[in-house]
Amino acid sequence: MRKSFIAQNPSVLTFLLCLAAFTLGVSLLAEGFGVGLISTSFVKTLGKTLCLCLVAIAMDLIWGYCGILSLGHFAFFGLGGYMVGMWLMYARTEIIVERSLAQGVIPPTPQEVVDGIGSQIFGVVGSSEFPVIWMFSDSLTLQLLLVLLVPGLLALVFGWLAFRSRVTGVYLSILTQAMTLALALYLFQNDSGLRGNNGLSGLQNLPGVTAPQSAISLWFFWASALALALGYLLSAWVISGKFGSVIRGIRDNEARVRFLGYPVESFKLMLFTLTAMIAAIAGALYYPQAGIINPAEIAPIASIYLAVWVAIGGRGRLYGAVLGAAFVSLVSTWFTGGQAPDINLGFYTLQWVDWWQVILGLSFVLVTLFAPKGIGGLFDLLKRGDKA
Amino acid sequence: MSQMNTLLEVSGVSVSFDGFKAINNLSFQIGPAELRAVIGPNGAGKTTFMDIVTGKTRPDEGRVLFGEKSISLLSMSEAQIAQAGVGRKFQKPTVFEDQSVRENLMMALKAPRSWWSVLTFRTEKTHVARVSELAEEVGLLDQRDRIAGELSHGQKQWLEIGMLLAQEPRLLLVDEPAAGMTPEEREHTTDLLVEAAKTRAVVVVEHDMEFVRRLNCKVTVLHEGSVLAEGGLDHVTADPQVIDVYLGR
């Protein structure tokens, strides 16, 4: 079955081959392998970019294919990051605390260790008690499960309430913005249990692993590439065949799909939850590479950027979403990272950090107006060129 | 055929929108294999009647019973009613323009409708054959791979009729199928509907008297939300009340 599925979708195979070649190329040139043409920090940037491509695929599924303009998928992305961050922070602090307590004359009791970890982690928010939500943080397996379960459950409850009341279009978009804003504001509070605006930090260090960052960065890069490949395959399978027909039908004429006998709400709910979980996995891989997560990451603007990437890349095709996310986020890193030289016009100095936002906003408007198919639309031109 | 002589029974149904009585104590019955034309001036409640049967609009009072077991359609969702065997064709052709004729028909094909069964659905040879058969029936066999948006207006109407037949409904509600069609297209549409009504109930809402005459069936005249007259076309067109409100203008 898999074979025929790939055969029916040659673009999937092309994409996977390109991704494999890219991963191999970066790995060989990376510092971790000795050639060192690509710095560790750039490997991390590329790894993070792959995660952004994955969340863009999720966005394309829900928006490009099903027509639900969710402006809240970064909330799920961030939650995924928080869930894996809790274990990373706990386990690493545990090692540090145990090491420092071991220097005392009397061996520490388990309670002393836990108290030590607590005051290390929560000292910044004036507490040393573990909040209830950290109850599983000592178990990697459970926290990894929570990466899927917490965002999945949030999406399920939110989606159930919204879709059941037949909230659609711009109203739904506003609701999703409200959701991510509410979550961000909640997490900003010091007593939210996730260290308020400090967020979780030091996530780039894998507890108990002595390998240098140049190697760890490559592991995460590979993991991100693998996750992107699997996410792409899963999404391509979901949108192929009848299920894809139905969700595109929902996008184009929801009422008609209902009169064909399909329970539209449950299709939307399923897809909303699935894409939330894909976003969560992307986030869980992203933040260990970023090293830090704080509530500002899930501010409403982040989810809007996500929609911009997909629009510029070309919604309604998976590789479009990947291209858009990769292109825009990399260019954005370049412009805002200080690498782009400022332009002195004599009377005014053009600083890219500020002006990049203007360019991005303008290109979003231009793409929407004049090239609704985005970057992905260029491939149609190529195909047409072949036939002619 | 079954012993049942009524497939759909609508009785004493009323619905009002902001005080305006769109449907007023309407009663209507149709047998399991019957063709029926519903006519009436604008605002007579024809579309609202279809909305009630398909679950889009909930009536304020009355009963809508369907099938041998006389299940009430009033407590069911649109999707459930469609699954129970009520198909509807809208006035404007509403096919999925982005998708091919084949995909449109495949989507409509009778099969389990839950998201899980759709996700795990595998196209069998029988499905492909049935889709070709339907495409042939509505005259779109050689258009199967075309994108529905590229079809002519008449072809879209047929595709939609094909999709309805694919659903294998027991009751088909068709809203102005001949609107915007050429005379030849109308003839083909008439044949399709007459053929369909041999095995199921078909209700056709139509403005065009010539088209209704060609359907050669019992006619129900609606006026101000209730039934004004019912019977053969010649019978109702001779009715002075009908002439007064509808035909005389």
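Modeller: Start with Arg36(B). Its bridge partner in β9(B) is Lys218(B). This is a predicted model, so read that pairing as a prediction.

Strand β3 of chain B covers residues 35-39, and β9 of chain B covers residues 218-223. The two strands run parallel, joined by 4 bridges. Strands of a sheet pair through backbone hydrogen bonds, either parallel or antiparallel.

Now widen the view. β3 and β9 sit within an open sheet of 6 strands in chain B. Read across, the order is β6-β7-β8-β3-β9-β10. The pairing in this sheet is mixed. At the edges are β6 (86-89) and β10 (226-231) of chain B, and each of them pairs on one side only. Neighbouring strands are turned by 20 degrees against each other on average, with direction ignored.

A helix covers part of this sheet. Helix α1 of chain B, residues 46-54, lies across β3, β6, β7, β8 and β9.

How far can the picture be trusted? Chain B averages a pLDDT of 89, and 97% of its residues score at least 70. Within chain B, confidence is highest in helix α3 (residues 101-108), at a mean of 95. The lowest is helix α10 (residues 240-247), at 79. For the model, ipTM is 0.86 and pTM is 0.91.

Chain B also touches chain A. The contact takes 22 residues from chain B and 20 residues from chain A. On the side of chain A, α9 (241-252), α10 (254-259) and α11 (264-290) each supply at least two residues. The biggest share comes from α9(A), with 8 residues. By class, that side of chain A has 9 nonpolar, 6 polar and 5 charged residues.

Last, the partner itself. Chain A has 15 helices and 4 strands. Its radius of gyration is 22 Å; a compact globule of 388 residues would be near 21 Å, so the two agree. The C-alpha atoms of chain A fill a box of roughly 80 × 55 × 55 Å along the principal axes. Buried residues make up 44% of chain A. Among its contacts between residues at least 6 apart in sequence, 76% join residues at least 24 apart.

Definitions and conventions. Residues numbered from 1 in each chain as written. Chains lettered and ligands numbered in written order. Predicted model: local features only at pLDDT ≥ 70, side-chain atom pairs only at ≥ 80, totals over all residues. pLDDT = per-residue confidence, 0-100. Pairing = 2+ DSSP bridges. Axes fitted to C-alpha atoms, helices over the stretch in contact; angles between N-to-C directions. Contact = placed C-beta atoms within 7 Å. Rg over C-alpha atoms; globule rule 2.2 N^0.38 Å. Buried ≥ 20, exposed ≤ 12 C-beta atoms within 10 Å, placed from the backbone. Nonpolar A, V, L, I, M, F, W, Y, C, P; charged D, E, K, R; others polar.
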